[in-house]
Amino acid sequence: MGLLERLRKEWFIAGIALVIAAARLEPAVGVKGGPLKPEITITYIAVSAIFFNSGLSLKTEELTSALMHVKLHLFVQIFTLVFFPTAIWLFLQLLSITPINEWLLKGLQTVGCMPPPVSSAVILTKAVGGNEAAAIFNSAFGSFLGIVITPLLLLLFLGSSSSVPFTSIFSQLFMTVVVPLIIGQIVRRYIKDWLERRKPPFGTISSCVLLMIIYTTFCDTFANPNIDLDKFSLIIIVFIRIPMLKIVFAGYEHLSLISVPLLIYHPAQILLGSLLVPTIKSWMVSRQKALKLTRQPKVPVKV
């Protein structure tokens, strides 16, 4: 396989490397308040575009069918909002005897209590050929649950609590997730035949939006002066969402340290998830082929 052909096939991985390099060279371009205005273009426009794209590409029957997978939804939400925060708490009991800063550990626990990511979860699920409709439901539902559950988890594990602006967060999620999805479904009804005939590259569009999110995320990370840790702490954090942190820990002098794990975890999560796409996709394709072969009726052999 030639280099050009290889790059054409693995363009997304190459794109990740390019946007991270660009963010490292000039982070001021994509930082909040910078020329790209990611607080508007990413938070509202890009996320809305992702769910509008999903609304256009998904059949209404697929979305309706996804709502009926109750066991799947229960598993995802319990794993994200119960098992994972508890597992992180147990892990941090071990890390508490190490030299890692106490407030960095509190930051890790805060990350563990956060709801699932909305945009990246949907894009990565679509990229590997997974159940996009189920990913959309669980991402949106988990985010709405997180408005209430995350502060309760922080109170339980860290003893920190505050009043969360439920209305503003709810309205932002509704306007950037639910409304674009519904509009996409409505538009699909009128151009359904054209979509089925032309087959637009929905997956490629979503991947390009994800590259934009990766770029601005790493711009924020590289431009943040608070990421100045000893090597041991940095390695631990890498391998283990800022507005809610500022609300819950308002007034804390160690807010910058608490924020560091989130600043590192979010780009690391997007990067590692993106790098795993080809491997998981090939596994899913081979798995689906194996299932089809096992389901084929056996032809009786004539003697």
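## Close-up views of a predicted model

**View 1. Surroundings of T80.** The backbone oxygen of V76 is placed 2.8 Å from a polar atom of the T80 side chain. The coordinates come from a predicted model. T80 is part of helix 5, which spans residues 70-95. With a relative accessible area of 15%, T80 falls under the 20% limit and is therefore buried. Leaving aside residues up to four places away in sequence, T80 is in contact with P85, G112, M114, P115 and P116.

**View 2. Aromatic rings of F75, F79 and F83.** These three residues form a cluster linked by ring pairs. The count of aromatic pairs comes to four. A pair of aromatic rings is described by the distance of the centres and the angle of the planes.

**View 3. The largest nonpolar core.** This core holds 36 residues, and I50, F51, L210 and I214 have the most contacts inside it. Two or more residues each are given to the core by helix 2, helix 3, helix 4 (60-67), helix 7 (119-127), helix 8 (132-158), helix 9, helix 10 and helix 13 (255-295). Helix 10 gives the most, with eight residues. L210 touches F12, S120, I123, L124, I270 and S274, again with residues up to four places away in sequence not counted.

**View 4. K37 in a loop between two helices.** K37 is found in the loop between helix 2 (11-25) and helix 3 (38-57). Its phi is near 50°, a positive value in a residue other than glycine. The relative accessible area of K37 is 38%, so this residue counts as partly exposed.

**View 5. K199 in a loop between two helices.** The loop that holds K199 lies between helix 9 (166-198) and helix 10 (202-223). K199 is not a glycine, yet it has a positive phi of about 50°. Its relative accessibility is 63%, over the 50% limit, and K199 therefore counts as exposed.

**View 6. Cysteines C208 and C219.** C208 is partly exposed, at 40% relative accessibility, whereas C219 is buried, with a relative accessible area of 0%. A search of the whole structure finds zero disulfides.

Key. Residues are numbered from 1 along each chain as its sequence is written. This is a predicted model: local features need pLDDT of at least 70, side-chain atom pairs count only at pLDDT 80 or more; totals for chains, interfaces and linings use all residues. Side-chain values use heavy atoms; hydrogens and water are left out. Helices (H or I, at least four residues) and strands (E, at least two) are DSSP runs, numbered from the N terminus. Buried means under 20% relative accessible area, exposed over 50%, partly exposed in between (1.4 Å probe, protein chains only). A polar contact is a pair of N or O atoms within 3.5 Å; within protein, one must be able to donate a hydrogen and the other to accept it, and residues adjacent in sequence count only if both atoms are side-chain atoms. Contact means heavy atoms within 4.5 Å. Rings of Phe, Tyr and Trp (its six-membered ring) pair if their centres lie within 6.5 Å; planes under 30 degrees apart count as stacked, over 60 as edge-to-face and the rest as tilted. A disulfide is a pair of cysteine sulfur atoms within 2.5 Å. A nonpolar core is a set of buried Ala, Val, Leu, Ile, Met, Phe, Trp, Tyr and Cys residues joined through side-chain atoms within 4.5 Å.
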